[in-house]
Amino acid sequence: MRAVVLSGPGPVENLTVVDLPVPEPPPGWVRVKVGAFGLNRSELHTRLGLAEGVTFPRVPGIEAVGVVDSECDLPLGQRVAAMMGGMGRVFDGGYAEYTAVPRGILVPFESDLPWEVLGAVPETLQTAYGSLTTGLDLKAGQTLLVRGGTSALGFAAAALAADIGATVLATTRRPERLAVLREHGVAHPLVDDGDVAAQVRALFPAGVDAALELVGTPTLPDTLAATRVHGTVCFSGMLSNQWLVEDFYPIGYLPKGVRLTAYGGESDDLPAEVLQRFLDRVASGRTSLGPTAVYRLEDIRRAHDDMEHDRRVGKLVVVV
């Protein structure tokens, strides 16, 4: 089979498409014939040497969609999503024509959507769903600020929040991207000039009810300042590659009465019925994935370089 191997931390040249044996799943594991996989910042962190607990050489990829290709409790050919659980870090992941994963990280689904659409969904949906429910407990009628709105996770969160019945504000650093936010359900697109809190409070003087921080610690103080007393900020993303707050003093850092949570989940945090409902809504045109950029396996270096330098809007997907 063809697979992408990362020889070690470093530039995109450390990613190479090679021929490897098709994996034989041990007991309790399942082989998946991969149809597509999404790219994630987690894999960029791995390539840049920022991830812990990774051994090399390694086939990266914390998610993939495909079909069951070995005997298990699911029928052969069953469409499944595989994500997290050590994929691409402690064992070989989704950047390949076949991957072997623990049965417990598979989420079965039924859909006739093409692989390039399905590949954009699992990990992004899992994080968006968990952030809005577990992280923020978002309710209909509330206001939500998405800091980092033109990321794949930002588009997914906006779509889910609109489905819940919330009013969505979302940021982008590039004015030319405001229109695409508006086209994908964002009621109030905002240019991130570093003082988003002032823009938010011009619209909602008390601040937003909830905020989803996807950029990281550089923008977190301003996001907190945009949130009302007894509102909640959920830290779920690190587009800036910065996730540590140095010399954190809670009383001085947190605005009075604003709550700060965080979210990072696994495959079992995405119920199969939530994945199925989302795919059904995408298929019917009731929900938008946001923009996607599609690559082939041999384009993996270009795809990673595009992700690293923020050249694309939305999700990057590789069709195998």
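This is a predicted model: local features need pLDDT of at least 70, side-chain atom pairs count only at pLDDT 80 or more; totals for chains, interfaces and linings use all residues.
Two strands are taken to pair if DSSP finds at least two bridges between them.

Select residues 143-147, strand β8, together with residues 208-213, strand β11. These two strands pair in the parallel sense over 4 bridges. Within this pair, display Leu144, which stands opposite Ala210 of β11.

Next, select the helices that accompany these strands. Helix α4, residues 152-164, lies across β8, β9 (167-172) and β11, and runs at about 170° to β9. Helix α6, residues 196-203, also packs on the sheet. The strands touched by α6 are β8, β9, β10, β11 and β12 (227-235), and the direction of α6 makes about 150° with that of β10.

Now widen the selection to the whole sheet. It is open and consists of 6 strands in the order β10-β9-β8-β11-β12-β13, with parallel pairing. Which strands stand at the edges? They are β10 (188-191) and β13 (259-262); each has a single partner strand, so one side of each is left without a neighbour in the sheet. From one strand to the next, the twist averages 20°.

Leu50 belongs to the loop between α1 (41-47) and β4 (63-68). Is Leu50 buried or partly exposed? Its relative accessible area is 38%, so Leu50 is partly exposed; the patch criterion asks for over 30%.

Methods:
Residues are numbered from 1 along each chain as its sequence is written. Side-chain values use heavy atoms; hydrogens and water are left out. Axes are lines fitted to C-alpha atoms, for helices over the stretch in contact, and angles run from 0 to 180 degrees between N-to-C directions. Contact means heavy atoms within 4.5 Å. Buried means under 20% relative accessible area, exposed over 50%, partly exposed in between (1.4 Å probe, protein chains only).
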